[in-house]
Amino acid sequence: MRVLILGGGVVGVTSAYYLAKAGHAVTVLDRQPGAGLETSFANAGQVSPGYSAPWAAPGIPVKAMKWLMMRHRPLVLWPSLEPKLYGWLARMLANCTEDAYRRNKGRMVRLAEYSRDVLRDLRTETGITYDHREKGTLQLFRTQKQLDHVGDDTSVLDEYGVPYEVLDPAGCIAAEPALARVAGTFVGGLRLPGDETGDAHLFTQRLAAICERMGVTIRYGATITGLRQEGGRIAGVGLAGGEVLTADAYVAAMGSYTPAMLKPLGIELPVYPVKGYSLTLPITNAEAAPVSTVMDETFKVAITRLGDRIRVGGTAELAGFSQALRGPRRATLERSVLDLFPEGGDVAQAKFWTGLRPMTPDGTPIVGATAYSNLYTNTGHGTLGWTMACGSGRLLADLIGGRAPEIAHQDLAESRYARAA
């Protein structure tokens, strides 16, 4: 079968790998000059199934109001007249119930756990390296109130058999020895030993090269102008310059830009660009740097060891498709890493970056078939595109190839929103 994949980020490239492995003739289209140059480029570096949870949760509306008033706030909302933003926010608020949270977190953990296992298999199959580590994630609590609410997450982890440890300060230091230098800054933590870390951009670039050796065609600098439909099927993809490409199946994996591409077809995907920021700084003292990933719960910032660098990622900014680099967001990232790893890296030499995370209001990505018989989506992963990429790609390849997927998948497809409507 001939398959066209729209998008060359980590989700699109992993989809290409699994489709090619299954024997399909695959072409990937991306407007950038290389793979993984947009949202996959400098994310927080986590492969964190244990930390997979929707932002829509009980108590979030009240917390959000408090976050918006913080100096180093993890949530930023820019005034806008855009109806899509407020519709998306309304749907997100509707998911802030106990039942919705458990349902959505269950979906996310299921896919993320599967994806982590599939990634491990891919490493064995290909020998790919990307500054990865298998040393877990430590969610660090600065206040007793945060620690007292740890059961909100561990109950779902128990349900799905995800291993974890609730740690006192000494346990946190045992997991991340550099934290001994700032003892007193935190009261405890939740450690997820099954989580991993790695450079998503490096992975995507190297996997793209592997795909090309497998026979995948990757066309960079290809600007897609629209999809053509005929009789309930996609009949082709138009490119700038007038070229039209055809295939037997099509995969929309364009992150935050997917909804605009599918809207003319009558498919309304509730995916909104939630802007995230990161700093990448060189390590100056390895013993004072993190071993793996530390999640600063107060500022919602992830601090990750990537080879000889520290990646600091966080902030949820609702500002449409703006990619302006804003100084206050950098200050928040610097505050977190200097609080916890003050001697680990050189903040003055840090590279500042921003990307648009494609978020759904229920936190779950949209992976699967659409109303068009040969069109599939693989988007809406939010902050967890790196975590869920391999599992999503493998799942999609199974669906397109007519094989039974290894995990339940019906509730991941776009049809769950059609039913809700």
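Here are some friendly notes on this predicted model, grouped by residue and element.

Residues are numbered from 1 along each chain as its sequence is written, and side-chain values use heavy atoms, with hydrogens and water left out. Because the model is predicted, local features need pLDDT of at least 70 and side-chain atom pairs count only at pLDDT 80 or more, while totals for chains, interfaces and linings use all residues.

1. Let us start with Thr354, which lies in strand S18 (residues 351–359). Strands here are DSSP runs of E with at least two residues, and helices are runs of H or I with at least four, both numbered from the N terminus. Thr354 counts as buried because its relative accessibility is 7%; buried means under 20% relative accessible area, exposed over 50%, and partly exposed in between (1.4 Å probe, protein chains only).

2. The surroundings of Thr354 are worth a look too. Its side chain reaches the backbone oxygen of Gly276 at 2.8 Å. Leaving aside neighbours within four places in sequence, Thr354 is in contact (heavy atoms within 4.5 Å) with Lys275, Gly276, Tyr277, Gln323, Ala324 and Leu325.

3. On to the rings: the whole structure holds seven aromatic pairs. Rings of Phe, Tyr and Trp (its six-membered ring) pair if their centres lie within 6.5 Å; planes under 30 degrees apart count as stacked, over 60 as edge-to-face and the rest as tilted. One of the pairs is Tyr17 with Tyr18, edge-to-face at 5.0 Å centre to centre and 80 degrees between the planes. Tyr17 and Tyr18 are both buried.

4. Tyr130 and Trp386 also pair edge-to-face, with 5.6 Å between centres and 75 degrees between the planes. This pair links distant parts of the chain, 256 residues apart: Tyr130 is in the loop between helix H4 (98–126) and strand S5 (137–141), and Trp386 is in helix H11 (residues 385–401). Both residues are buried, and together with Phe203 they form one aromatic cluster.

5. Please also check Arg31, which lies over the face of Tyr257 at 4.4 Å from the ring centre. The cut-offs for a charge over a ring are NZ of Lys or CZ of Arg within 6 Å of the ring centre and within 35 degrees of the ring normal.

6. Finally, three strands make an open, antiparallel sheet in the order S10-S11-S12; two strands pair if DSSP finds at least two bridges between them. S10 (224–230) and S12 (244–245) stand at the edges with a single partner strand each, so one side of each has no neighbour in the sheet. S10 is joined to S11 (residues 233–239) by six bridges, and Glu230 has Arg233 in S11 as its bridge partner.

Conventions:
A polar contact is a pair of N or O atoms within 3.5 Å; within protein, one must be able to donate a hydrogen and the other to accept it, and residues adjacent in sequence count only if both atoms are side-chain atoms.
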